[in-house]
Amino acid sequence: MDWFWWVFIFFMAGGFAKVADTARTALRTRHERKMERLETARQDRQELAAAQQPPQPVCGCTHHLAKHDKKGKCHELVEVPVAWDADRKPVQYEAGQCTCQQYIGPQPLSQIYAEDLTDLA
């Protein structure tokens, strides 16, 4: 029973505070690393999903070509600033017509074929 008093004195003197602090720090570090791994895995999944999609034909205004008519006029609504502050920064917006012209560059390829670079045989 003599050991009980030594443990009790150690506990009362704050000896377990260092042990508890070390455990708390270890659990916090473990949690942060786990969250980093989950975020990295989520980004990898998003990048793989984006790599599987064909290229989208977009205009310089970042709107899809389907939003443009045959004449090249864009029919998408955008936020247009209508009021500015003293530093000439917009403070109020309202909906307005996009004023861009249709993209007139090369059309994206529907499918790309590339031969294998390595010979596995």
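Trainee: Is Lys 67 buried, partly exposed or exposed?

Mentor: Buried means under 20% relative accessible area, exposed over 50%, and partly exposed in between, with a 1.4 Å probe and protein chains only. Lys 67 has a relative accessible area of 39%, so Lys 67 is partly exposed. Please keep in mind that this is a predicted model, where local features need pLDDT of at least 70, side-chain atom pairs count only at pLDDT 80 or more, and totals for chains, interfaces and linings use all residues. Residues are numbered from 1 along each chain as its sequence is written, and side-chain values use heavy atoms, leaving out hydrogens and water.

Trainee: Which residue forms a salt bridge with Lys 67?

Mentor: Side chains of opposite charge can pair when their charged atoms come close. The rule here asks for a side-chain nitrogen of Lys or Arg within 4 Å of a carboxyl oxygen of Asp or Glu. Glu 76 is the partner of Lys 67, with the closest N and O atoms 3.4 Å apart. Glu 76 is partly exposed because its relative accessibility is 23%.

Trainee: How many salt bridges does this rule give?

Mentor: The count is 3. One of them joins Arg 42 and Glu 39, with 2.4 Å between the closest N and O atoms. Arg 24 also pairs with Asp 21, at 3.6 Å from N to O.

Trainee: Where do Arg 24 and Asp 21 lie?

Mentor: Helices are DSSP runs (H or I, at least four residues), as are strands (E, at least two), numbered from the N terminus. Both Arg 24 and Asp 21 are in helix α2, 3 residues apart, about one turn of the helix. Arg 42 and Glu 39 are likewise both in α2, 3 residues apart, about one turn of the helix.

Trainee: What about His 63: is this residue buried or exposed?

Mentor: His 63 counts as buried because its relative accessibility is 14%. The residue sits in the loop between α2 (15–52) and β1 (77–84). Across the protein chain, 10% of the 121 residues count as buried.

Trainee: Which residues is His 63 in contact with, leaving aside its neighbours within four places in sequence?

Mentor: Contact means heavy atoms within 4.5 Å. For His 63, the partners are Val 58, His 68, Cys 74, Glu 76, Val 78 and Cys 98.
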